[in-house]
Every structure is written in C-alpha cells, then in structure tokens.
Amino acid sequence: MKRIVLGLLAATALAFPAMAEDIKPALLYDLGGKFDKSFNEAAYNGAEKFKKESGVSYVEFEVSNASQREQALRRFAEDGRSPIVMAGFSWVDSLTKVAKEYPELKFAIIDDQVDLPNVRSLKFKEQEGSYIVGLLGAMASKTKKVGFIGGMDIPLIRKFGCGYVGGAKASGATDVIYNMTGDTPAAWNDPAKGGEIAKTQMDQGADVIYAAAGGTGVGVLQAAADAGKLGIGVDSNQNGLQPGKVLTSMLKRVDVAVYSAFMDAKDGKFTGGINNLGLKEGGVDYALDDNNKDLITADMKAAADKAKEEIIGGKIEVHDYSSDNKCPY
C-alpha cells in the first residue's frame, strides 16, 4: 500500500507544473532607472503584476553604469535565481557569458537575442505600433508637420522612427522632422535635452512630436504641452503625464513580456527561443484612455483600427531599418 501511495505521489508531481516555491525570479533594469515612466517602468509593472497574482516575490537591480552588468547578473545566477529577466539589448554580452555557465537556470532578455536553449529572447515589432501612432499624429496635426525624437541612435530606435514616418506620410504628413538625442547611453535619461530638441522641432513647424527616448521623452512631452502642442508617448502608457496634451502612447508590452516569463517559469511552461511580438501578438498597440479620449476622434480611431487590421492581414507592409539600414518611406 505504501508503495502505491508513493507511486501516486510521484505521478502527481510529474503531472502538475512546477509550484511557485520552485522559482526565484529576478529582474535587471537598463540604464535610466525603473521609474523612468517608459521602458524600465513597464518591466517593473509586469513584475509587480506577477507578484500580486502569484504571491511570489522577486529581486531586482538597477544598473548605474555598464561595468555593473556582468557582476549583477552573475551574482543573481550564483544565488540560483531563475528566471532572470533583463530589460534591454545592452545585457546581451553579459548574458551570453553567464547563461552558458548556468545551463540549469532560465533567462530572458528583452530587445535582443541570445541563441542558447535556456534563454528566451523577446523582440518587438516596434515599427508596427509606431506606424499607427504616426498615422494618428498626422491626422491630428494642423501644420501637417510632425516630429520624431529618438533616444540613443541605434538600429532599434530607428525601427520606431521608420514606422512612424511611414504612418505619418500615409496619413498626409508633408514633413517628418527627425532627430536622435545622442549616441551614448546617456541619451536615455536627459529630459532637458529632449525638451530642447522638441522646441527646435516646434520652431520648424512640428505640432505633434513622438518621443522614443526613455526618460528623455518626459522632457519632450513637457515641452510640447508647455507650447500648446501634442506629444506622443512610448513603451508605457504616458497619456497621464500631460493629460489632454499627449495624443496617445505607442504601447510596447514589456510588462507582458516580463509577466509571461515569470509566470511561465512558475507554471513549468518556460521555453527558450525567439519571440517576435507585433500587433498580431498583442506586443504593440496604441493607448486610448480618459486622458486622451477627447483627442482621438471617431475618424481617427476608425483609421487606426483599419490600419491595424491591414497590417495584421498583410495588406500593409510596415518597413524598418533591419534589412539595409535605410528607411524606404
């Protein structure tokens, strides 16, 4: 009888997913801090949602300089933390080293890929969501001149810019004024410079400006609001930062990526490989809430929803820089 009971217990353990106490989640943020109102904060929100729903706590770390990356990641791995989720492409080199040394642990990286079986690489089709907010921006513009301000000048941010240009021009924009904040990681956290660039663009006629620049974008939205113009937020829903002055936000569901990585590990469903998340997968979208409902007209919403359907259905091809480092719009 004892053997039968033990056998049943063993079978039950195999049949059910891993229990919550079997995982020790960790989250590593990128430069700019977890309360950047943008990319990092979206990661934080996903982790918090997981903790609230599962009752499982997680540990976290905010890097202040690049030299801390490998040390912080290795410390979590040595502590047996798993899954360990990293927000940002800048973690790729450290992750490549550490994940090889700890094949029994689970890792996830957002915005880049590491081709190892214990790593989940979470990439987004930022150009698709940016196309939609570009379309809305041009429809809202009175001058038919709109602006784009990116953070660090890298291929990832050019994807945002290229999609935005495509959507804006498809919706009647005559000019898209395009600037990057810088070519170092400091470009993610310089609201003052973001505001200065926004003022320059507005002097050139832009009356709707999209900021894909992390914490720097907060300064862009502030400058646009102060001048009576419209901003467009990114990553997190930033509509509430300047209520009634942020046309919409391009939602990049980093929160969902973090939440899913933690929850899948808890449920024994974590897999490695590359996940590409666009409009079809719910990875990107535009934000509509009480803060901007009076700015998005019925015609604008209808146009945005139609464009989403056509992108998902393959009727609209949204380009980025990935193929030849050029934006074809």
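What share of the 329 residues in the protein chain is buried? In this predicted model, buried residues account for 53% of the chain.

The overall dimensions can be looked at in two ways. Because a compact globule of 329 residues would have a radius of gyration near 20 Å, the value of 21 Å found for the protein chain agrees with that expectation. Along the principal axes, the C-alpha atoms fill a box of roughly 80 × 40 × 40 Å.

The secondary structure of the protein chain consists of 10 helices and 12 strands. One of these strands, β9, spans residues 230–235 and makes a handy reference point: 6 of its 6 residues are buried. Strand β8 (residues 208–212) runs parallel to β9 and is joined to it by 3 bridges. To get from β8 to β9, the chain passes through helix α8 (residues 216–226), giving a β-α-β crossover that is right-handed. Strand β10 (residues 246–252) also pairs with β9 in the parallel sense, here over 5 bridges.

Ile232 is the bridge partner of Tyr210, and Ile232 in turn has Thr248 in β10 as a bridge partner. As a general point for anyone inspecting such strands, side chains in a regular strand alternate between the two faces of the sheet.

Notes:
Residues are numbered from 1 along each chain as its sequence is written. This is a predicted model: local features need pLDDT of at least 70, side-chain atom pairs count only at pLDDT 80 or more; totals for chains, interfaces and linings use all residues. Side-chain values use heavy atoms; hydrogens and water are left out. Buried means under 20% relative accessible area, exposed over 50%, partly exposed in between (1.4 Å probe, protein chains only). Helices (H or I, at least four residues) and strands (E, at least two) are DSSP runs, numbered from the N terminus. Two strands pair if DSSP finds at least two bridges between them. A crossover is right-handed if, with the strands pointing away from the viewer, the path from the first strand over the helix to the second runs clockwise. The radius of gyration is taken over C-alpha atoms; the globule rule is 2.2 Å times the number of residues to the power 0.38.
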